[in-house]
Amino acid sequence: TTAISRTALVTGGSGGIGKACAAKLCELGYNVVLSARRPDPLRAAADELGPRYIGAAASDPDGFSEAIGPLEIIDLVVHAAGALGGTYARKQTFEQWQAIIAANLDSCFVLTSATLPKMRPGSRFIFISSSAAHEPMMARTAYSASKAGMNAFARALALEVDRDGIAVHIVTPGPVETEMLQDVPFEMNAIQVADVADAVAWLDTVDPSVDLPEIRLHAVRRGPFARDPVVPEEARRRADSSIAEKS
């Protein structure tokens, strides 16, 4: 099947990993449809890249289902929508917890429920997870739990839809240099959004007879291909504040 004949729905397509995946798929000739909850960034991304777009939160059952109604067939679903948030469990409110769980985990069910009837043998899901699914982050209990839940959801879904010829993959990156990363209070080795997009595009070339549950991507930390560490804005702010207190 050629890429030009495949329709790809990319959630979180207004920026970050989602936008990079959409750009790569557009480049390869897919019929790309972007979705995101923020209308202005979504419209700007669509204007830049050229695909169709639908404004809908992937965690809104009725709104999302209605928004993708006009799509008859979906060959590839890339679920990149999500949120990095939360704080220490002792400080976090239940509302903050619910917001992260809804964005990262409830959205998996909402998305699947809406798109599965439109998929066919040879279609596939790709869920964009996080290394926090395997290595939980301090002060990010909701985020860590939601991403671990995403991975479990995806593997359970794979067992359900394999009989229909539908594949399910998880892409689990370590830190990725996006705006979301700027709130992290320490420097780190990060990969680029294009690295994730390349992995996503490659996954849709894997033969449907092959089960490839998960790909993990991490930045090289040593050697000739290691990139300079990323110092997020929050890390810079804390460093500057510490220097000011000592002076």
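Biologist: Why is valine 78 called buried?
Modeller: Buried means under 20% relative accessible area, exposed over 50%, and partly exposed in between, with a 1.4 Å probe and protein chains only. Valine 78 has 0% relative accessibility, so it counts as buried. The model is a predicted one, in which local features need pLDDT of at least 70, side-chain atom pairs count only at pLDDT 80 or more, and totals for chains, interfaces and linings use all residues. Residues are numbered from 1 along each chain as its sequence is written, and side-chain values use heavy atoms, with hydrogens and water left out.

Biologist: Where is valine 78 placed, and with which residues is valine 78 in contact, leaving aside its neighbours within four places in sequence?
Modeller: Valine 78 belongs to strand β4; helices (H or I, at least four residues) and strands (E, at least two) are DSSP runs, numbered from the N terminus. Contact means heavy atoms within 4.5 Å. By that criterion, and with neighbours within four places set aside, valine 78 touches Leu9, Val10, Thr11, Cys21, Leu25, Ile126, Ile128 and Val200.

Biologist: What makes histidine 169 count as buried?
Modeller: Its relative accessibility is 1%, so histidine 169 counts as buried.

Biologist: With which side chain does the side chain of histidine 169 make a polar contact?
Modeller: The partner is the side chain of arginine 124, at 2.7 Å. A polar contact is a pair of N or O atoms within 3.5 Å; within protein, one must be able to donate a hydrogen and the other to accept it, and residues adjacent in sequence count only if both atoms are side-chain atoms. Beyond neighbours within four places in sequence, the residues in contact with histidine 169 include Phe125, Phe127, Leu203 and Pro213.

Biologist: Which residues of helix α6 are buried, and what covers them?
Modeller: In α6, residues 193-203, the buried residues are Val196, Ala197, Ala199, Val200, Ala201 and Leu203. Their cover includes α1 (16-27), β4 (76-79), β5 (124-128), β6 and β7 (214-217).

Biologist: Why is lysine 118 called buried?
Modeller: Lysine 118 has 16% relative accessibility, so it counts as buried. This residue sits in the loop between α4 (94-115) and β5.

Biologist: Is alanine 139 buried or exposed?
Modeller: At 15% relative accessibility, alanine 139 counts as buried. Alanine 139 lies in the loop between β5 and α5 (141-161), and its phi is near 70°, a positive value in a residue other than glycine.

Biologist: What pattern does the protein chain follow along the sequence, and why is the chain called as compact as a globular protein of its length?
Modeller: The pattern is β-α-β-α-β-α-β-α-β-α-β-α-β-α. The radius of gyration is 18 Å, close to the 18 Å that the globule rule gives for 247 residues, so the chain is as compact as a globular protein of that length. The radius is taken over C-alpha atoms, and the rule is 2.2 Å times the number of residues to the power 0.38.

Biologist: How many of the 247 residues count as buried?
Modeller: The share is 46%.
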